[in-house]
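Trainee: I would like to learn how to read a structure feature by feature. Could you take me through this one slowly?

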Amino acid sequence: MSEKPSKPAVCPLCGKAYTDAPALSRTDNTTRICPDCGTRQALASIGVDASEQEKILAVIYRSMGKNTQ
C-alpha cells in the first residue's frame, strides 16, 4: 500500500499511532496496520522469532535515521 494517512492512525494490533503508509494485515488481508506490525507479520511468516524481529526493526530504523520505537 502506498497510501499515507492524512492524520495519525492507530494500529489495531499494537495500539500505537502512526503516520507512515499502512500495511495490510496478513491475517485477513483487509485490516490496515502500522508498518512495524506489517514487518513483524512478514518476518513471523518466514519463521523469525519475536526477539530477532525487534533486532531487525531496530536496524531498519537506524538505516532510516529514525529513533527506535
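Mentor: Let us begin with one side chain, keeping in mind that this is a predicted model. Lysine 55 has a relative accessibility of 52%, and it counts as exposed because the cut-off for that word is over 50%.

Trainee: Which residue does the side chain of lysine 55 meet in a salt bridge?

Mentor: The partner is glutamate 52, with 3.9 Å from N to O. Glutamate 52, at 35% relative accessibility, counts as partly exposed. The general idea to hold on to is that an α-helix has 3.6 residues a turn, so residues three or four places apart point the same way. In this case lysine 55 and glutamate 52 are three residues apart in helix H2, and therefore about one helical turn separates them.

Trainee: How many salt bridges are there in total?

Mentor: The count comes to two. In the other pair, the side chain of arginine 40 meets that of glutamate 54, at 2.7 Å from N to O. Arginine 40 belongs to helix H1 and glutamate 54 to helix H2, so this pair ties together parts that lie 14 residues apart in sequence. Glutamate 54 has a relative accessibility of 33%, which means that it counts as partly exposed.

Trainee: Which residues of H2 are buried, and where do they lie around the axis?

Mentor: The buried ones are Gln53, Leu57, Ala58 and Tyr61. They cover an arc of only 140° around the axis, so they sit on the same side of H2. These buried residues pack against helix H1, residues 35–45, whereas Lys55, Arg62 and Ser63 are exposed on the other side of H2.

Trainee: What should I look for in the backbone angle phi?

Mentor: As a general idea, most residues other than glycine have a negative phi. Glycine 65, which follows H2, has a positive phi, near 75°. Asparagine 29 is a residue other than glycine, and yet its phi is also positive, near 60°.

Trainee: Where is asparagine 29, and is it buried or exposed?

Mentor: Asparagine 29 is placed in the loop between strand S3 (23–24) and strand S4 (32–33). With a relative accessibility of 55%, asparagine 29 counts as exposed.

Conventions: Residues are numbered from 1 along each chain as its sequence is written. This is a predicted model: local features need pLDDT of at least 70, side-chain atom pairs count only at pLDDT 80 or more; totals for chains, interfaces and linings use all residues. Side-chain values use heavy atoms; hydrogens and water are left out. Buried means under 20% relative accessible area, exposed over 50%, partly exposed in between (1.4 Å probe, protein chains only). Helices (H or I, at least four residues) and strands (E, at least two) are DSSP runs, numbered from the N terminus. The arc is that of the directions from the helix axis to the C-beta atoms. Contact means heavy atoms within 4.5 Å. A salt bridge is a side-chain nitrogen of Lys or Arg within 4 Å of a carboxyl oxygen of Asp or Glu.
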